[in-house]
Amino acid sequence: MELTRPWHSIKQISRLKFCLISAKIRVPVRQYVVLLTNKRLLQCSCAMKFPFTYNYSSENKKHFITLEKKALKNAFEHKKEQLKHTEHKLRLKGEEIVRDIRHQGEVTGQKLRVKKEHIIKDILETKAKVKERFEEVVEKENVFTIPNILCITRIAMSPYLGYVIIQNNYNLALGLLVFAGITDLLDGWIARNWKGQSTKMGSFLDPMADKVLVATLFISLTWQDLIPISLTLLIVGRDIALVVAGFVIRYISLPPPRTLSRYFDVTHATAQLAPTFISKVNTAVQLLLVGTTLASPVFGYVDHPALKVLCGITAASTIVSAVSYLVSKDTYKLLKKKI
């Protein structure tokens, strides 16, 4: 009985494997390895203890090897099917993730489009409100009035007047200066006495026309050596500073948003200039100087001592008027329409 016990164990293992294979039961790899290890240990034990009983035929050995191959093949096929099943699950999971990402992208895109439409709508509404508010705050006026046209006429004729003086045509130049003086008096009288002719834009144009005319006369007469260059530099420098100050006042008085189109829109009155008394006196003295100097070649009193005294008076009044603009607080007024 003891001699046949090992054979019974080997036969039981082989029979078990054969049954598993014949019944087409898929054995996991780990279970098969354990089975094969137990069989080999059992064979070694039998060969050591019972060498005379461990001899079996080569056919049985081949049959046993065949069974082992089939079991191993079934185990690998089972593992392969598991890998295919896992791969299929991963593929399905990937497709599901891609679908979720696409759906989320569509939802996000729809939200962004809706948000964009809301932002554009808000911008348009804000722009309309700002424009409406701007129309309420800034007073619009008609700038095409007779005084303004006369001021523009003086500005336009100033370069031609300077050209005539340089060409030594003093008679024509004196006539043009008289015409410019008449337009200056006329636009002020119309603005004060005619209804609807006084504009805030005129408060800028009138002094600017005077400064352009006076600067042109001083430069051309200095070119002809009839007025000292130092006096011309003083007067032109002051006038340039006043013009720059006017642009700065325009920028400060313009309600935001400040754009170039609205900055140069002359129909929007945002400030009004109010020249000082000494500035008006200085303008009169300057016009008197250039008028008498321009008439000196015509009437033959060039380099008369009275002209030199008048030059000194003009320089002093120019300096005093510049200081008055710096210390006075009533030279300009910001305009806001009452709501």
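Me: Where is Asn168 found?

Reply: Asn168 sits in the loop between α4 and α5 (170–193). Helices here are DSSP runs of H or I with at least four residues, strands are E runs of at least two, and both are numbered from the N terminus. One heads-up: this is a predicted model, where local features need pLDDT of at least 70, side-chain atom pairs count only at pLDDT 80 or more, and totals for chains, interfaces and linings use all residues. Residues are numbered from 1 along each chain as its sequence is written, and side-chain values use heavy atoms, with hydrogens and water left out.

Me: Why is Asn168 called partly exposed?

Reply: Buried means under 20% relative accessible area, exposed means over 50%, and partly exposed is in between (1.4 Å probe, protein chains only). Asn168 has 48% relative accessibility, so it counts as partly exposed.

Me: And what makes Phe264 exposed?

Reply: Phe264 comes in at 55% relative accessibility, which is why it counts as exposed. You'll find Phe264 in the loop between α8 (260–263) and β2 (268–269). From Phe264 to Arg250 it's 14 residues in sequence and 9.2 Å in space, C-alpha to C-alpha.

Me: Why does Ser317 count as buried?

Reply: Its relative accessibility is 9%, so Ser317 counts as buried. Ser317 belongs to helix α10 (residues 305–327).

Me: What does Ser317 touch, not counting residues up to four places away in sequence?

Reply: Asn282 and Val285. Touching is a matter of contact, meaning heavy atoms within 4.5 Å. There's also a polar atom of the Ser317 side chain 2.9 Å from the backbone oxygen of Thr314.

Me: What makes α4 roughly parallel to α6?

Reply: The axes of helix α4 (residues 146–166) and helix α6 (residues 200–223) come within 9 Å and cross at roughly 5°. That angle makes α4 roughly parallel to α6, because angles under 35 degrees count as roughly parallel, over 145 as roughly antiparallel, 65 to 115 as roughly perpendicular and the rest as oblique. The axes are lines fitted to C-alpha atoms, for helices over the stretch in contact, with angles from 0 to 180 degrees between N-to-C directions.

Me: How many helices and strands does the protein have?

Reply: The protein has 10 helices and four strands. Along the sequence, the pattern goes α-α-α-β-α-α-α-α-α-β-β-α-α-β.

Me: How many of the residues count as buried?

Reply: Of the protein's 339 residues, 34% count as buried.

How values were computed: Polar contact = N/O pair within 3.5 Å; in protein donor to acceptor, adjacent residues only side chain to side chain.
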